[in-house]
Amino acid sequence: MKRFTWFNATSIALGFAFLYIPILLLVIYSFNESKLVTVWGGWSTKWYGELLQNEGILNAAWVTLRVAVVSSTLAVILGTLAAIVLVRMGRFPGRTLFSGLIFAPLVMPEVITGLSMLLLFVAIGLDRGFWTVVIAHATFSMCFAAVVVQARLYDFDKSVEEAAMDLGATPVQTFLQVTLPIIAPSVISAWLLAFTLSLDDLVIASFATGPGATTLPMKIYSQVRLGVTPEINAVSTIMIGLVTLGVLVASYSTKRASQRQERELKAVDAGAK
Amino acid sequence: MSGAPAQSMSTSAAPGAGRATARTPAPLTGFAPWKDPSKRPIVRFENVVKRFGDFVAVKDCTLDIYEREFFALLGPSGCGKTTLLRMLAGFEKPTSGRILVAGQDITELAPYERPVNMMFQSYALFPHMTVEQNIGFGLKQEGMPKDQIGQRVEEAMSMLELTRFGKRKPHQLSGGQQQRVALARAIAKKPRIVLLDEPLGALDKRLRQTAQFELMGIQERTGTTFIIVTHDQEEAMTVSSRIAVMDHGEFVQIATPGDIYEAPNSRYVANFIGDVNLLEGKVVKVSDGFAEIDWGGGLARFKAVAPEGCASDQTVWLALRPEKIHIDFDKPTDASNAVAGKVVDVGYLGSISHYHVELANGQRVKALRTNSSRLVDRPISWEDKVWLEWPPETGIVVTR
C-alpha cells in the first residue's frame with residue numbers, strides 16, 4: 001500500500017490538479033493588479049479594498065451571513081429533535097416513513113427542492129424575501145443535521161438519561177443537563193455543516209428569494225453574467241476561506257469528540273477489568 | 001457443579017456431620033418483619049403483570065418487602081427480575097396490577113416523582129460531570145441550597161472512601177471506583193428505597209466479594225431498604241435478608257437464604273442454589289410425618305420428612321446436599337437411610353474432598369467430607385466400595 005510508484009504519484013497529482021487548479025487560479029487572480037481578469041499585472045490587494053466599497057456585494061454578504069446563522073440554528077434544532085425521535089422513540093407506526101421523509105432531501109435534486117419551495121410560498125401567499133430563504137435553507141440542511149446528531153445518539157447509553165430522571169430530573173431538565181451536554185460536539189458540528197451548506201447555496205436560494213434578499217452566491221452569479229471582475233475573484237476567495245474553515249472546524253470537532261469518547265470507553269473498560 | 005458456595009457452607013452445619021443438622025435452621029438474627037403481622041410493608045407488588053407484545057415478562061407477581069430489608073431478586077437472565085425492578089423505578093409501566101410504596105399507589109408516577117433511587121448495571125455516571133457533581137445531581141434537582149449539597153456529597157464520599165476523587169471525571173476512575181460513585185449517587189438523596197440492578201456484575205471476583213460486604217455495611221449504616229437484582233446466587237446469599245427466586249416471570253420461592261438453601265420448595269430452587277443431589281422416587285407410604293420412598297433399581301427404600309400434601313404413589317424428588325451425606329467404608333448400624341456404592345471420582349480441594357459415588361442402579365451421588373485430620377490411615381479413593389448414610393431429616397422432599 002505504501003509503495004511509491006510513478007503511476008500512483010502521477011494519478012494523485014493529476015487528480016488534485018483537476019480538482020484544485022481552477023480554485024487556485026481564482027485565488028491567485030484575486031490578487032491581480034490588472035483590471036482585466038485574464039491578464040496578470042502583478043501582485044496587489046487592491047480588489048479587496050475595492051470590495052469594501054462595493055455596497056451591493058457587501059449587502060449580499062451580510063444577507064448571506066444572516067440567512068446562514070438563522071437557518072442553520074433552525075436546522076440544528078429541528079434536526080436534533082428529529083434525531084431524538086428516531087433514536088429514542090423506538091418503533092412507532094410510520095417510523096420508516098418518517099425517517100425516509102427526513103432523509104429524502106439528502107438525495108433530492110436542489111432544483112426540485114427549490115421549485116417546490118417556491119410553489120409552496122406562492123400557494124400560501126408568503127411574500128418572498130429573507131425569511132423564505134431561511135425557511136428553504138433550514139428545510140434542506142435539517143436532514144444533514146439530523147444525520148450527524150443521530151450518529152452520536154446511537155452510541156449513547158440510555159441508562160444515563162434514566163439515571164437523571166431517577167434522581168429527580170424532569171424530561172426537560174434531563175435533556176438540558178445531561179443529554180445536550182453529552183451530544184454537544186455533534187450538535188456543534190451539525191451547525192457548522194448547515195452553516196456551510198447555506199453559505200454556498202445558489203439554486204434553492206434563487207427560487208426562494210425575493211426583492212431585497214439577494215445572497216452572495218446569487219450576486220456573484222448575476223455579476224458574472226455581465227462579465228467577470230477581479231472583485232468577484234476576491235469575494236470568492238473569502239468565501240472559499242470561510243467554507244474551508246467551517247468544514248475543517250466541523251470535522252476536527254467531530255474527530256476530537258469521537259477520540260475523547262473512545263478514550264473514555266477504554267478507560268471504563270480498563271477500569272472494569 | 002463443584003462445591004457448595006462458601007456462604008451456604010457456613011450457614012449449614014459442618015459438612016459431613018449431617019446428623020447434627022436441624023430441619024429448619026434458626027434465623028441468623030432476630031430481624032424478620034415478614035413474620036410480624038403488625039408490620040406494614042414498605043413496597044408491595046399487587047398482582048403485577050408485564051407484557052411486551054406477546055412476551056409475558058412478569059406473570060401476576062405479588063410481593064411484600066419490609067423496611068430495612070436487603071431483598072434479593074434472583075434468577076437467570078430473562079426471568080423478569082430486572083423488569084420488576086424497573087417497574088418499581090418507574091421506567092416500565094405494569095400491564096396490570098399495582099405497586100405501592102409505604103401504602104401509596106405509585107403505579108402512575110413518573111420516575112422523577114418516586115421515592116426510590118437506582119444504581120444501574122452500567123453505573124450510568126454522567127460523563128461530563130465530576131464525581132462531586134454526579135453525587136450531588138439528585139440533590140440539585142431537589143433545589144437544596146448549595147452548602148447543604150456540598151455537605152451531603154462530602155458525607156456520601158467519605159462513606160464510600162471517594163473523598164480523594166471528588167474532582168475527577170468518571171473516565172479517570174477505575175471500575176471499582178466508578179461502582180462506588182454510582183452507589184454514592186444512589187444513596188445521596190437518602191431515599192427510602194435503593195434499587196440495585198446487578199450492581200457488582202462488572203467487577204472481578206475478588207473485588208466483588210469486598211464490594212458485597214461494603215454494600216451490606218452501607219445498607220446497615222443508612223438503615224435504608226435495599227432491593228438487589230442479581231443472577232449470582234452466592235451474591236444473593238451473602239447480602240440479603242430474603243431472596244425471591246424467579247423463573248419465567250414468576251416467583252418460585254420467597255424465603256431467607258437459610259430456608260432457600262435448607263428447605264427449597266422445588267427442584268428448580270434446589271438446583272439453582274448450591275450443589276444438590278436430586279434423587280427421584282415414588283412414595284410408598286406416609287406415616288408419622290415421614291414418607292417411605294422407593295427409588296427403584298432394587299435399592300432399599302429411604303425415609304424422609306414428608307412434605308405437606310404428599311400422598312402414596314406420587315413421584316417425588318429428594319434434594320440432598322452433598323455435605324449432609326456421611327460417607328464411610330463400614331456399613332452404618334442403626335441408620336434409617338444407607339446405601340452402598342462405588343467411588344468413581346474424587347476431588348481433593350484441601351479443606352474438603354468431593355466424592356462421586358455410583359449406586360447399584362447406576363445413579364451418581366455427590367458427597368462431601370471435610371478433611372479434619374491431617375493424616376488419615378486410609379483415604380477414600382477411586383473404586384472404593386463405600387456406604388452413604390443420611391438421617392431422614394436432612395433431605396428435603398420436593399414434589400415439583
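A nonpolar core is a set of buried Ala, Val, Leu, Ile, Met, Phe, Trp, Tyr and Cys residues joined through C-beta atoms within 7 Å. The exercises below use this term for a model that is predicted.

**Exercise 1. Which residues of the largest nonpolar core touch the most other members, and what does B:Leu195 touch?**

Step 1. The largest nonpolar core has 159 residues, and those touching the most other members are A:Ala145, A:Ala194, B:Ala184, B:Leu195 and B:Ile227.

Step 2. Taking B:Leu195 from that list, and leaving aside residues up to four places away in sequence, one finds that B:Leu195 touches B:Leu85, B:Leu88, B:Ala89, B:Val116, B:Met118, B:Met119 and B:Ile227.

Step 3. As general background, nonpolar side chains tend to be buried together in soluble globular proteins.

**Exercise 2. Find the order of the strands in the open sheet of chain B, and say which helix packs on the sheet.**

Step 1. The sheet has 6 strands with mixed pairing, and in chain B their order is β6-β7-β8-β3-β9-β10.

Step 2. The edge strands of chain B are β6 and β10 (250-255), each of which pairs on one side only, while neighbouring strands are turned by 20° against each other on average, direction ignored.

**Exercise 3. Describe the side of chain B that touches chain A.**

Step 1. The contact involves 24 residues of chain B and 22 residues of chain A.

Step 2. On the chain B side, β6 (116-119), α3 (131-142) and α5 (175-187) each supply at least two residues, and α3(B) gives the most, with 4 residues.

**Exercise 4. How is chain A divided into domains, and how many residues of domain 1 are in contact with domain 2?**

Step 1. Chain A consists of domain 1 (7-44) and domain 2 (56-272), whose C-alpha centres lie 31 Å apart.

Step 2. In chain A, 8 residues of domain 1 are in contact with 8 residues of domain 2, and the domain 1 side divides into 5 nonpolar, 2 polar and 1 charged.

Conventions: Residues numbered from 1 in each chain as written. Chains lettered and ligands numbered in written order. Predicted model: local features only at pLDDT ≥ 70, side-chain atom pairs only at ≥ 80, totals over all residues. Domains from an automatic or database assignment. Contact = placed C-beta atoms within 7 Å. Nonpolar A, V, L, I, M, F, W, Y, C, P; charged D, E, K, R; others polar. Buried ≥ 20, exposed ≤ 12 C-beta atoms within 10 Å, placed from the backbone. Pairing = 2+ DSSP bridges. Axes fitted to C-alpha atoms, helices over the stretch in contact; angles between N-to-C directions.
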